[in-house]
Amino acid sequence: SNDEALRYVEQLLQLGVARLHLSVRSQDSQWDEALVGNLDRFDDDVAGVIAESLRTWRDILVRTEGKTFDQARAGLEEAYRVATQLATHCNIEVDPGFPFREDASAKSGTMTVPVARSTLSLIENMRRFVTATIPLAAPRKLQATMRHAFGILYGNRTQVPLYEFYEDFYRFHFKAHVDSLRLAPRGDPVPQEFSAENPFSLPFIDTLEAAEVGLAAYVRSSIATSPMAEEVELELSVFERETAHLPAASNVGSSAAMLGQLVVDSGSADEVRFVTRWMGYSLGYGRLMARWLHVLPPEVLEELRTENRRETGIIRAEISGDRGHNANLHPPLLDAEIVYPGSAGGLAPLQLDPRDLLVAVDSEDPFALRLIQGGTGIRVLPHDLGLQSLDERPPLYQLLVAFGSPFAFNMPLSHDPAPPPTNEGHAQSRMGPVAATSPTDGRVRSRALSYRPRLVLGGIVISRRTSLFGNIL
């Protein structure tokens, strides 16, 4: 019957055996035009209404492009009416507060920061911070684990097909690694005998972790000198000294991005600071702005693509197969793309089939593997340029990302900024005791309130002043 057929197809989709294709390729910003062409093929009332609504919205977009809010008001109201009619026709309840409209056309929305001496100094300090910490950046530890596993699995072999390595490594270790990443954020117990960071007790990973401990100790000791201060200044030279002995990754570049705000001192235009959104950086290549490139001038995208083409002798490739997740939609930023199994591919000029990729020993880095293109031997560096969390990606997708250059680093700071309780059972702050010993069982209760000063590193505010309320309150 028709119902049985629908249930069967739904099961295939849930298992991943089949995928629903609407003739829309990943990263296609003109997705509506492709979808309309597909819907027009069906003699169906709902398909016809959806197609006509999409045509109307596209027409409104063309008519209102570049207009101010007041000039585009009639078009926006028409778009809202069409959305309401479509929802009614499809029996969908519409939120009365939809859509939210804001005038973003005013000139006051543009901020100009003078390229003063302090601005150039800030950019240089960002470069020094990234250069000093990139040896500690993810996925360096996973890369070392992969290289160790490769030697155990394949002995003297120097390269194997990607899918063969994925299947062998998944059974050997990667399943436990992925499970630990999935369980930890939910608070589910992770097997005590399993270490996600260093499952095989590799000395190289121990060295990386020792450097992280050293940085954390330096930050804690800096705070301890003025625990109640508004601000503590950290020295970039200490970061550089703590990581100078670490082996560098193989000789490929990397692009890092920080999300934050430029803050100009109201009393002096020469005082510029960058307040980070989180305590570190992530992958660059335009990733953090990719989702909103369609609202920026076209030259911004072209400038990004030109910058991403600077390296020669390697292939940097995005990974397709974002399954239409809204946070990942963006135009191609690189010239190559790895067509993830089950996806329709994207819009990049060079489409790479995973079946043609090989996993090889990295001759320049004894603690990493590299991905190469079969036949040419050119190195391929996969990148995830979407905004979806990597932990939510499929296992093969996560493994592909691990073949890219190191890209993500967060300051090793505790979520609890307060010092540990003293032997007397409590630690003092300017706000009173922050921990106390239970008179009945001697256990230390959670701190009522803890505080950490603002942390500044060469003009980069890596952590704002922080106060935490414990569950004792």
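Leaving aside neighbours within four places in sequence, threonine 145 is in contact (heavy atoms within 4.5 Å) with Phe169, His173, Pro199, Phe200, Leu202 and Ile205. Threonine 145 sits in helix 6; helices here are DSSP runs of H or I with at least four residues, strands are runs of E with at least two, and both are numbered from the N terminus. With 2% relative accessibility, threonine 145 counts as buried, a label that means under 20% relative accessible area, with exposed being over 50% and partly exposed in between (1.4 Å probe, protein chains only).

A word on the model: it is predicted, so local features need pLDDT of at least 70 and side-chain atom pairs count only at pLDDT 80 or more, while totals for chains, interfaces and linings use all residues. Residues are numbered from 1 along each chain as its sequence is written, and side-chain values use heavy atoms, with hydrogens and water left out.

On to the aromatics. Rings of Phe, Tyr and Trp (its six-membered ring) pair if their centres lie within 6.5 Å; planes under 30 degrees apart are called stacked, over 60 edge-to-face, and the rest tilted. That rule gives 14 aromatic pairs. In one of them, the ring centres of phenylalanine 150 and phenylalanine 165 are 6.1 Å apart and the planes stand at 40°, so this pair is tilted. Because phenylalanine 150 belongs to helix 6 (residues 140-154) and phenylalanine 165 to helix 7 (residues 162-186), the pair ties together parts that are 15 residues apart in sequence. Phenylalanine 150 is buried at 2% relative accessibility, and phenylalanine 165 is buried at 0%.

Another tilted pair joins tyrosine 340 and tyrosine 397, with ring centres 5.6 Å apart and planes at 50°. Tyrosine 340 lies in the loop between strand 8 (336-338) and strand 9 (350-352), and tyrosine 397 in helix 12 (residues 395-401), so parts 57 residues apart in sequence are tied together. Elsewhere, Phe129, Tyr218, Phe239, Tyr281 and Phe409 make up one aromatic cluster.

A cavity is a set of points, on a 1 Å grid over the protein atoms alone, where a 1.4 Å probe fits but cannot get out; lining residues have an atom within 4 Å of a point. The largest cavity holds about 70 Å³, a volume being the space filled by probe spheres set on the points, which are joined across faces, edges and corners. Its lining has 13 residues, and Gln143, Ser250, Arg379, Gly404 and Pro406 are the closest to its centre.

How values were computed
1 Å grid on protein atoms, 1.4 Å probe; cavity = no way out; pocket = protein on both sides within 12 Å on 5 of 7 lines; lining within 4 Å.
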